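Let me put the model up, and then I'll walk you through the bits I looked at.

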Amino acid sequence: MSPQSIVWQWRKELQLHAPSLNVLVYDGSKKGLASDVADIEYVHRCQEFSRADVVLTTYTVLGAEVNYSRACHHQLRSEKRYTVPRSALLDCFWHRIVLDE
């Protein structure tokens, strides 16, 4: 996880120093999808993450998706009017997480 300004630098460094690693840059889940399409995208993302050796993303993406976590329970004044999309980023089990700056 890094600031947006250097995520591509991380990718270049990994390609240079560890070319055998499968590196994925995750730019966030797509918003506004129909629920069945969102479910397909969620499964696709989970599969992509499981195939990657390294997943690069940004603090901005994490900030946008942190409220999608099933473990995040906010007190609301009224019932939700829409279904909160699932986040593959938050639902996956990660062996290691590296935070840059």
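So, patches here are built from residues with over 30% relative accessible area and no salt bridge, joining like charges within 9 Å and nonpolar side chains (Val, Leu, Ile, Met, Phe, Trp, Tyr) within 5 Å. Areas are Shrake-Rupley with a 1.4 Å probe, and for residues only the protein chains shown count as cover. And a salt bridge is a side-chain nitrogen of Lys or Arg within 4 Å of a carboxyl oxygen of Asp or Glu.

Housekeeping: this is a predicted model, where local features need pLDDT of at least 70, side-chain atom pairs count only at pLDDT 80 or more, and totals for chains, interfaces and linings use all residues. Numbering runs from 1 along each chain as its sequence is written, and side-chain values use heavy atoms, leaving out hydrogens and water.

With that, Y59, I97 and L99 make a nonpolar surface patch of about 310 Å². I97 is exposed (over 50% relative accessible area, whereas buried is under 20% and partly exposed is in between; 1.4 Å probe, protein chains only), at 59%.

Now, which residues are linked in a network of salt bridges? They're D27, E41, R45 and E48. R45 pairs with E41 at 3.4 Å, N to O, and with E48, also at 3.4 Å. D27 also bridges to R45, with the closest N and O atoms 3.8 Å apart. On accessibility, D27 is exposed at 60%, while R45 is buried at 11%, and E41 is buried at 11% too. The total count is three salt bridges.
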